[in-house]
Amino acid sequence: MTMRNRHLIACVTVGLVTGFALADDQALLVKAGRVDLGNGQSLENAAVLIQDGAITAVGPDLAPPDGAKVIDLPNGVITPGLIDAAAIIADERNDLARAGQDHGHVHSGCDHESLWSSLMGPRQQAACCGSSCPRVLEHADGQPCKYCGFPDAAPQTTAVGVEPWHSTAEQSAEVVPHLRVLDAIDLESRDFDRLAENGVTTVFITPDSASVIGTRAAIVRTGGPHDTRITSPADAVKATFGSDPSYRGAYNQRPWRQNVNLYARRPTTRMGVTWVFRKAMHEASARMNGQPLTGGADTPSDEALDALIAVLNKKTPLRVQARTQFDIASALRLTEEFALDFTLEEATDAYRCAEELAARNIPVIYGPIFADAQGWRAMFGEAANTRLTTPRKLLDRGILMALTASEMRDEQGLAAQAMYSMRYGLTYEEALAAVTRTPAKILGIADRTGTLEAGKSADLVLWTGEPFQPTTRPAAVVIGGQVVVHNK
Amino acid sequence: MPSKWIKDNTACKRSPRPRSTPTGRRTVAAGEAGPAQPVERNPRMYAPRTNKAPKGRRNSAFASGAIERPATPRSPLCTFALSHFLTLPVFVCLCVGTALAAPPSKIALKGGTVITVSGETLNNATILVDSGLITTVGVKVEVPYDHIVYDTTGKVVFPGMVVAHAPFGMDQPNENLPVTPYLDVYDSIDPSQRYFEEALRDGHAALHIIHGNNCVIGALSRVVRPIGLSPEEMTIDQGRFLKISATPKGGFDRMLQMATLRETFLELDDYLEKLAEKKYEEKLKEDDKKIDVGPEEARKRGKELIKPEDYDDKHARLIELRDGPLGAFVYCGDAMDVGPAINFAKEHGFFDRTVFVIGPECYKAVAELRSAGRPVVIEGDPIYREQDPYTGKIKETFVPKVIADAGLTFALTPGTYMSLSERYLTYRAAQCVRYGVPRDVALKAITVHPAQMLGLEERLGSIQPGRIANLVVYSGDPLDFNAWVEKVFIDGIIAYDRDKDVRLKELLDTGDTAQEDRPVSGE
């Protein structure tokens, strides 16, 4: 992504001036009142020296070489760039929609905020203002709905369904691990800019949960030099247990409204979902061992089988999304049958089975933190038993835990998730690790990012004060040595 | 209920409630015959309620039966609340009404940091409270023997916060009909709603319950405390403000909105003329005379005969809005609504009693707001995002900073209680500090300034002798997100204690007790 020039509106802007361009051999020195390296160490009045996109030195009393650009904030704090290990990347239409927040402004028509509406999911809330449009949940901010023309403000969209543009839900089959989510991602999307402004420098783009065994994820940086943005183009395969694959199928409409009709084909219950997973792994295992396939319905394609064989051989990691305890139990059971390791995502009920997860050394990507589920989490009904202190409990059980903001941004973004986790029991160092060094380790990129050490990629955030507090925000964000965000 | 705890403050000089039933119809006293003819009504203002859904965006698919409300999943707090509401009335029955033990009337909060807001921040200070009012605030204060002492060493005491605009806690925030000044939110306030519980938990001690933004002229509002079993018990101040919206109501456009506003007052003038004529005719009938003058003269003579009890509720309220003492909270959702709202308020005499409730886009009208000089409530998300139609770039503006820099008195409002951060007024103040608003201005925006706008600065919003003892005890600085509300005092009574907050404990408990842990099934 090229650096974006943005307007500076004197004294009012939240958004920013461009990062500035550095000459190829120009060094950058970022100084602050404190540097938190991300490995437990903290240095007072220190600086980070950057050259050629990498950190060359960290410490106090660093003299900038000749011609170096200096950013100095005496009251500021430098941390490693934040890493979101399960980010859902919004498509262009969702740019102005604040995902999952503030239902008070959902309906311009009826201002609904009664007790009843607090119990309703977004579907009912949106419908109660009179729109009977079947795509009511996709009424994006300021955009006329292409079905009913109704300009409404939705808290977020459950997005996708079967639209061919900007969709990461491939629904032509339930098992598609041979596809790459990166092919559906617009790296110029403003969502990446927004993430960068929130201090997030690397994201694991998690595939859509509409498929039982979905596409392969991608790890990308949210800014910086174009040629260094993609860290891993085809990473883990994501499988989903729970309502999502069957619920999302229920949105598919009759053929005359959609391009593709899968209404008859999707698994409609968890019985179908676990069956599809198990059958796919069984067929892949059979192919791997040179045995004939069982065949019949739900047999994955040959390409899918090849991709699954790589998973069985542990060449490709496996990511599993499961929210409820019994879905986590299904995941544990089925992966044990095929001797698979995996990383657990969402994991709302993880506090109920923390011992089992610890026993199998399952890392957990936990988040977003909420008390009342909103958006599709409310609709699917799987997030009703959430607890605010789950991150604390997972850490106490020795589980490798990273925080994620998922589709949330800004006031509910990854820095805010760290803020919440501290309020509900984590120390600052634990919260910082959960958004820097731990996700780097889980994603297998700890050698190049996640902490501020010489030799690693220059991905860092300079905060205006104490990080993860409501009174502070990023003053500067550096990705790959490039100053992507610089707020004055 | 012990009346010493609840002060009945009738702000309006009108006769009290028995004048009209809650539905707004005029009462007929016992023995008196009803009116001989049906009262003539403007059919548009008093459109009879039918089951037909109104046109426009607000077609209620539920009302017409088109969509069934399916069963919905419930959050843990809601489930807990609904199933245990009767057995765990932790908040609702707290302060008054129990015959068991009267709450202590004299208390002292000793030894904490006290942020008075109106004055200096004091360290190691003591607050004395008697009969619901603060009597003393100071550093070297001797606590009288008969005061119950609460030890607040190491804590921070902050005034109970004031929410200047809260269209919540009601049956529904908006009425279907566009012009309803005869309505009163008193009829709609539901003390059992979760909104009040969450407000108490967050230290919001005074809530201005007001009609929503989806109206032309809405109901009379009321300032309540978040505890109490009935709207009477909850009331801090009876209705002083009508809600007006310059932004069109659902289904209206701006032409119709402004026309409806103007027509309301034109109809008022028309009504007064007809009333004057009628009074003169009645007088003539009494004196057994025939009508002897033309309509102009009859109106002039009849005008002097009009008494306040002759007005019906709708026109009485409009007259009180125009001539005082009622004021208006005028909602301007977009920048283009600010100018018309200011002009309309000036034209009809209530500008000096107007507070503007602004949506975030109104930062563009800050020049008009500044020259108007009226206080402003910033509603909703304080960050305004707009997208350039050509380049697609997003520009973000932090609205309170623009308003603060213009020197306007402003109040902040919390977000929904479903957001773990935006639910707190202190979080809104922290956001202001984040974007460069001075800390003391941000703190005032959640305490004294909203109290001022409501005309209650003598009673609410600061810690000073004479104020109502609404106090929030924090575990740390209010703008520190790691600080918790530990105790909330309302009228000098401890209305919330975090140690006894069963519902919050449930959310924070991951069940390390035997009955919560379940073995993983699936074999």
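Me: Where is V70(A) found?
Reply: V70(A) sits in strand β5, residues 69-80 of chain A. Helices (H or I, at least four residues) and strands (E, at least two) are DSSP runs, numbered from the N terminus. This is a predicted model, where local features need pLDDT of at least 70 and side-chain atom pairs count only at pLDDT 80 or more, while totals for chains, interfaces and linings use all residues. Residues are numbered from 1 along each chain as its sequence is written, chains are lettered from A and ligands numbered from 1 in the order in which they are written, and side-chain values use heavy atoms, with hydrogens and water left out.

Me: Is V70(A) buried, exposed or partly exposed?
Reply: V70(A) counts as partly exposed because its relative accessibility is 38%. Buried means under 20% relative accessible area, exposed means over 50%, and partly exposed is in between (1.4 Å probe, protein chains only).

Me: And what is V70(A) in contact with, leaving aside its neighbours within four places in sequence?
Reply: L29(A) and P64(A). Contact means heavy atoms within 4.5 Å.

Me: OK, zooming out. How many helices and strands does chain A have?
Reply: Chain A has 13 helices and 18 strands. Of its 488 residues, 66% are buried. Looking at contacts in chain A with a separation of 6 or more, 65% are between residues 24 or more positions apart.

Me: What does the accessible surface of chain A come to?
Reply: About 16300 Å², and 51% of that belongs to carbon and sulfur atoms. The areas come from the Shrake-Rupley method with a 1.4 Å probe; for residues, only the protein chains shown count as cover.

Me: Switching to helix packing. At what angle do α5(A) and α6 of chain A pack?
Reply: About 85°, with the axes of α5(A) and helix α6 (residues 302-312) 9 Å apart. That makes the two roughly perpendicular. Axes are lines fitted to C-alpha atoms, for helices over the stretch in contact, and angles run from 0 to 180 degrees between N-to-C directions. Under 35 degrees counts as roughly parallel, over 145 as roughly antiparallel, 65 to 115 as roughly perpendicular and the rest as oblique.

Me: Which residues of α5(A) and α6(A) meet there?
Reply: From α5(A), A280(A), M281(A) and M288(A) are among them, and from α6(A) the list includes L305(A), L308(A) and I309(A). By class, this contact has 9 nonpolar, 1 polar and 3 charged residues. Ala, Val, Leu, Ile, Met, Phe, Trp, Tyr, Cys and Pro count as nonpolar, Asp, Glu, Lys and Arg as charged, and the others, Gly among them, as polar.

Me: What about α5 and α7 of chain A, how do their axes cross?
Reply: Helix α5 (residues 270-288) and helix α7 (residues 325-337) come within 11 Å and cross at roughly 20°, so α5(A) and α7(A) are roughly parallel. R270(A) and F277(A) of α5(A) take part in the contact, as do F326(A) and L334(A) of α7(A), among others.

Me: What does the buried part of α3(A) pack against?
Reply: In chain A, β7 (200-205), β9 (218-221), β17 (474-479) and β18 (482-486), plus β15 (383-387) and β16 (394-398) of chain B. Just after α3(A), G199(A) takes a positive phi of about 95°.

Me: What kind of peptide bond joins G367(A) and P368(A)?
Reply: A cis one, with omega about -10°. P368(A) lies in the loop between β14 (364-366) and α9 (376-380) of chain A. Chain B has a cis bond joining G324(B) and P325(B), with omega about 0°, and P325(B) lies in the loop between α6 and β12 of chain B.
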